[in-house]
Amino acid sequence: MPQPPAQRSRRFLLASSPNPEALSEWDEEGGMPPRQPRLAWQETWSSRGSNRPAEDSLLAEDRTPVEAILPAEDSSPAEATAQAAVSSQGEDSNDESQLLDPNKAWKLRRDKAVEFIRAYVRGKEKDDEEQKMLFLSKICDLCRTVTEKGVPMNLHGFCSKHKLVENIMALLEKEPVDSLRTEFRQKAMETVTVLSNTVPTALRGKKERLLHVCCKSVFFLPPESDMPETEGVLYAKTMSAMDLMLVAFILNCPKTSSSTELLNILEALLDFAHSKNPAVRERAVRRIERLGDFIVRYFVTENSDDYEKYKHSHDDSRELYIPILGKLLGHLFIFSNSNDSFGRAALDALFHFYKIVREGRECRLREDMENYAKRHKNLEHTTLPFSITSTPCEIAKGFGGHLFPAERLDIILTALEALQDSSIHDKQGACSVLDAALEDPDYWLTDVPTIMECIRKNLGSIHTASARQCLDSLLLQLTNVMPREEVKNLLQFSPPHDSTDLGMWEVILAMPQTLEKVLNIMMEDLPLYNWCTAVSENTCIRRLAMLAQNHISEEDFGNPVHLQSYLKHPSPEMRLVVLKGLCTVSERPEKARKLQVLLPDILEALQDTNTDVVMKALLVLKNVMAHVERRKASGPALQLAEKLLPLFDHASSQVQEHSICLFQAVVEAVLRQRKKKMKSTVHRSLLPLYFHTRDQSESVAKASGEALAVAAEFLRCKELKRLAQTEQMWRIGECLLQQDRGRVEEYLQQSQPYLKATQTLLRLEAVRFIGLAARYCKDQSEEKLNEILSVLQPSEKDPEPMVRSLAVQTTLILTSRHDAMPRRRFPLPWCC
């Protein structure tokens, strides 16, 4: 909990209360000094909040004459007065004009209330509505009779002995939450307020549960818009009674506990404000708004009538500190992002709390707070720096210049917790609050370790895309403002492989802007092993830094299996860091041989969508295959060849060239006993390699020709090898079709994607090859011809004239040739 500042510019006044220790010395007939007169807030704030006269409430001061309040419920005032006079005066009983002694009359009033309360508490039938209301009325009568009229009685002892507060709570818990048909809840809260005003010690240790019961009894009622008109009026009075009860709790507690009392109330209301029920959330926030209004009226605005009345009615004074102001504001900022009545309630509360911090701290602003306020004072012509259309970010910046560092920290922590998947908070609102910190990190992000600890705690529960993006941006800013020593301290932890601690550092290391800074800090000043020796194999942050800096030794490298998790990391930057390090490491034969254990994970990296990752993976594989013994390389070569084929058509010419060169090396590395398994893959490589001999990139075309010659030698196709070596590329297509007519259908399928290639030469060669393959196809039926013509049809509209012309010519040739063919059951010999 943030500590209050050392000084305040204003002194907030709270009511004094009886000494609890002195109460225990009074018996029921002992003397008790009269309660001090009613305060201005008791008569005015309640009526202001409920839009009705205070006399409508049980809290209204009883101003009727003694004669009017003496009678019992079943007798007239005259009869009761006469009966009391007879019992008290004896010999003067015949004198009907003799009035009752006022002191004895009030004692009689007290006794009747005590008798009824005792009977009700001991009785078993407590659900009668009339009896319940009378029970509350007698409690109020008793409290006023003792405190205002000076009738002696130990109220604290009586309330404790007969468990009046517990009985009220039990009755409230039985009230239905689906309707509000009676005044009982209103009167119950008014009675609790009377007890708080007259005998506050009776509530000691019970307020927390009492507050929860009161809130639960009314917060879960149907929305006000769904209530009948009669219930709506009663609902307004009931909520007004609750507001007055909360105020009484604050004012009547011991003066050393006022901040704690306020803390308990606000935390209870915040709990209800996180309910999934919209009506509950709005009612809880509206109670917070009313408390804010009360603080402004009676503790902050010194020139108001309310403040002056309250100030002059008390001798003691103290500061009113809101212990969870930062946490409270953080929630209200996020709540205000809602466009419904709930958001408006939060905004109303923020208006009050802005006045509290602005006027209560005008002489306590530090230099950095004043500078910040000046930078963000956007609406100079208004009394507030935000409006109903402001975003949480703008509101946070408006408050920022009046908040102390601990309160600003609480706002950041609250927004971070609101990003969790399970939070009912609006993620956009929470991100908007954090945007204020991202715009001015030097002012908001002053306690980096605490914020990092909060991120570490919640990281595993944040998966929403927008929330993770916001969190990543915050981590980036934190790392940028983080001192060097702090980075070192955070890097000394040794978490398990799947810990959120490690996940946090993976995010940081995956950001290009911070990766270099963090890794450099890890490698500078002190030898790494002096302060990172405790890092486990699984974490490998230490080895990751070494890889990135190319400073890894044989001893430190050890078993590279601990890098597997990074090769599978969702961030391409993280994967790239590992592969960059492995590129350097794999240049040394002894380390390259150890990387065989990572080959399956590196092969998976070949399918990455990030071109740089694919490129680095190819380089690592090239080094490993070059340094591994041919006998050991033959097995992985089969898997690698399959992974390389799709890369021949990669968007990057550099990836194409390296994948083709690596494929050539793989084919050469396969031993004789494994050639049978490799043949199918090599056969499927022939056509792509042939097409890429026409590639516009000279390096790709050259690599394709050389690889094609090696593949031809592997398959023992002498003519194909000779044509590839002599660069007679125009004859290679027909050579492929003639030497292996059983693969014509396969070649037709392989060639079709090249009709959509980005390079004109590849599209042109594809049209030519398909026309040639149609002649060698075993199926010369009309259906097959139509299928081939439909494949060529889009090329007749190609943007390049050469491709269009060749497609049209090929279509005409194939059609005329088919029409000229003799109608035989079997195809001609040259088609077999």
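Which residues gather in a patch of positive charge on the surface? Select R630, K675, K676, K679 and R716, which together make up that patch. Before continuing, please note that this is a predicted model, in which local features need pLDDT of at least 70 and side-chain atom pairs count only at pLDDT 80 or more, while totals for chains, interfaces and linings use all residues. Residues are numbered from 1 along each chain as its sequence is written, and side-chain values use heavy atoms, with hydrogens and water left out.

**Stop 1: the positive patch**

A patch is made of residues with over 30% relative accessible area and no salt bridge, with like charges joined within 9 Å. Lys and Arg count as positive here, and the place of the charge is taken as NZ of Lys or CZ of Arg. Accessible areas come from the Shrake-Rupley method with a 1.4 Å probe. Now select helix 37 (residues 675-692), which supplies the largest share of the patch, 3 residues. Helices are DSSP runs (H or I, at least four residues), numbered from the N terminus. R630 counts as partly exposed because its relative accessibility is 47%; the term covers values between buried (under 20%) and exposed (over 50%).

**Stop 2: aromatic pairs**

How many aromatic pairs does the structure hold? There are 16. Rings of Phe, Tyr and Trp (its six-membered ring) pair if their centres lie within 6.5 Å; planes under 30 degrees apart count as stacked, over 60 as edge-to-face and the rest as tilted. Select F219 and F272, an edge-to-face pair with 5.3 Å from centre to centre and 85° between the planes. This pair links distant parts of the chain, 53 residues apart: F219 belongs to helix 10 (residues 207-219) and F272 to helix 12 (residues 258-273). Both F219 and F272 are buried.

Continue to Y372 and W444, whose ring centres are 6.1 Å apart and whose planes stand at 75°, so this pair is edge-to-face. Here too distant parts of the chain are linked: Y372 in helix 17 (residues 367-375) and W444 in helix 21 (residues 441-444) are 72 residues apart. Y372 counts as buried at 0% relative accessibility, and W444 counts as buried at 2%.

Finally, select Y690, F691, Y747, Y754 and F769, which form one aromatic cluster.

**Stop 3: salt bridges**

Side chains of opposite charge can pair when their charged atoms come close. The structure holds 34 salt bridges, each being a side-chain nitrogen of Lys or Arg within 4 Å of a carboxyl oxygen of Asp or Glu. Select R286 and E289, which form a salt bridge whose closest N and O atoms are 3.3 Å apart. Because R286 and E289 are 3 residues apart in helix 13 (residues 278-300), about one helical turn separates them.

Turn to R731 and E719, another salt bridge, with the closest N and O atoms 3.8 Å apart. R731 lies in the loop between helix 39 (718-725) and helix 40 (732-739), and E719 lies in helix 39, 12 residues apart.

End the tour with D243, R287, R290, D293 and R297, which are linked in a network of salt bridges.

Key:
Patch = residues over 30% accessible without salt bridge, like charges linked within 9 Å, V, L, I, M, F, W, Y side chains within 5 Å. Helix = DSSP H or I, 4+ residues; strand = E, 2+ residues; numbered from the N terminus. Buried < 20%, exposed > 50% of the residue type's maximum accessible area, 1.4 Å probe, protein only.
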